[in-house]
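This report describes a sheet, the helices on it and the nonpolar cores. Look through the structure first, then read on.

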Amino acid sequence: MPISVPNLFKERKYPFLLALSILLISFTILLLTNSSSPFPFPSLSSNFHISQSHPPPPPPPPPSPNDTVRSPQEPDLRNDAAADVDLNVGLDIKWRNCKLGAAAVDYIPCLDNWKAIKELKSRKHMEHRERHCPSPSPRCLVPLPTGYKVPVQWPKSRDMIWYGNVPHPKLVEYKKEQNWVRKSGDYFVFPGGGTQFKNGVTSYIDFIQKTLPAIKWGKHIRVILDVGCGVASFGGYLLDKEVITMSFAPKDEHEAQIQFALERGIPAILSVIGTQKLTFPDNAYDLIHCARCRVHWDGDGGKPLLELNRILRPGGFFIWSATPVYRDDERDRNVWKSMVALTTSICWKVVAKTVDSSGIGLVIYQKPASYSCYEQHKEKRPPLCDQKKGQNVSWYEPLSYCLSRLPVDSVGNLLSWPTPWPQRLSSNPPSLPSEPDAADIFNEDTKHWAALVSDVYLDGLAINWARIRNVMDMNAGYGGFAVALNELPLWVMNVVPTDAQDTLSIIFERGLIGVYHDWCESFNTYPRTYDLLHSSFLFRNLKERCDIIDVAVEMDRILRPGGYLLVQDTMETIKKFNPVLRSLHWSTSLYQGQFLVGKKGFWRPSDG
């Protein structure tokens, strides 16, 4: 017998009718509620999910510091709202590709602001290679080069990369006699040559060690700056000796040299010694290297060399391999004479000067570890810099004509050299504040990151660490995240935000590298240069100064297709940030209500 509503009434099946009525009313309410939402059911996607796995709970945060010593990580891990997270979210953003012609694939907003560069009154001091950020920040996406592929994996990438990922053949022809780079089929190959490496970079590194045995690669000397680094083969091969090198060069006619370095998996950044201080702290580097780096050290009254003196650790070395060291023509003699006068005025001592079998020479200077030499000078030129008060981040700061002061502790004693590597990674840094609980906070921070990385990041998240080489910690604190990853075959660029506590000196003292940066602006790197970005409570101060969408655009520019973003933050921030990533066609997963993992795909807008 067919079922009908009249028959149900006739047979007095009132319980069934009641249940049916409730079901119809509930369905009607659900439809009305959903129709009022700007993100109806069809927009739901498998791109966002809450993990059903149950990794171990994260370790507790570091202890709360007192008012005078602030821990760089102060997470609020109370995420009771995680259970109520609405997966039915998204932003309707009409993304477009950056319209810059062929240059769009390598777009760096703060270095490619052609309008600002054209309006410069002078380029004498490399002003056109410095940062000129557009306002507002461009909300366009950088397209992929035609034929872009997942990068070659480390360590193979040190010696070869896909041509299609960095399709810039200019250096092949321009430097073919110096063995910087060659094209071989679908690859660029890096033979380990260089302008000053006639016998190869390995021979050059050994030559330095023989010239000055006190250098002790990977023990006494751990953190190096390579000025005008070319394709960074010097830094790439020093990794074998437990030395980490920050290679830097400007974005100039040496087409894509820093992009080559990062594609190879070698630490590098775009920068220039022009009119502004480098974005490193005072007394950071154990050794600085310049092989025909084309910097006029005696220019502008010697300010470029005084900047090196600022960032070189007392007792550290400067290696200069250039024609004035070993040639005898009039121009080189004049440059050498100027260099002698300048280094004498700042008390740098020549500890070695030699020429190798290929005819290439170098000189090694050492920065003094006391004022004894300077105090004997009758004329104090350059003068000592003023005493610093409080935090002094070198961000958009002009170069100074003064001699930076030697670092001292709270009672005025000169700071010692860090302990040898690898002990310096876990030892208390010399510049750690002298407050009673500063060491406890530092050590607890190290333990916190060791536990979090081991228990959650490596084992509990859907990240393929085997494919991770270039890592950036966007809010690095004491560098605990990088320390916890030290045994993996990767490197970390530790970024200390300009509005955060200045801990960058401590990071360098631990034998790590990093820079200052303001995340309301674009970073000095090419697109597609990092495999993983780590953001631990980055947005706490940032969201008050800039739009979260602009930060997401910059993350999308920096990260390689197939790369990961790992965000630890409050549920409020994650709820705001996830829809932006979804609009970029990233897949996202949420773990334990506080860890958002985003994975960038190959999607780009279809506007050509």
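Contact means heavy atoms within 4.5 Å. Tyrosine 457, with its neighbours within four places in sequence left aside, is in contact with Trp449, Leu452, Trp465, Phe481, His534, Leu566, Gln568 and Phe595. The model is predicted, with local features needing pLDDT of at least 70 and side-chain atom pairs pLDDT 80 or more, while totals for chains, interfaces and linings use all residues. Residues are numbered from 1 along each chain as its sequence is written, and side-chain values use heavy atoms, without hydrogens and water.

A nonpolar core is a set of buried Ala, Val, Leu, Ile, Met, Phe, Trp, Tyr and Cys residues joined through side-chain atoms within 4.5 Å; buried means under 20% relative accessible area (1.4 Å probe, protein chains only). The largest nonpolar core has 117 residues, and Tyr457 is among those that touch the most other members. Helix H16 (residues 548–558) gives the most to this core, with 7 residues. Another core, of 22 residues, lies apart from it and includes Ile224 and Ile364.

Helices (H or I, at least four residues) and strands (E, at least two) are DSSP runs, numbered from the N terminus. Strands pair if DSSP finds at least two bridges between them. An open sheet of 7 strands has the order S7-S6-S5-S8-S9-S11-S10, with mixed pairing. Strands S7 and S10 stand at the edges, each with a single partner strand, so one side of each has no neighbour in the sheet.

| Edge strand | Residues |
|---|---|
| S7 | 268–270 |
| S10 | 349–355 |

Strands S9 and S11 run antiparallel, joined by 4 bridges. Isoleucine 319 has isoleucine 364 in S11 as its bridge partner.

Technical notes:
Buried < 20%, exposed > 50% of the residue type's maximum accessible area, 1.4 Å probe, protein only.
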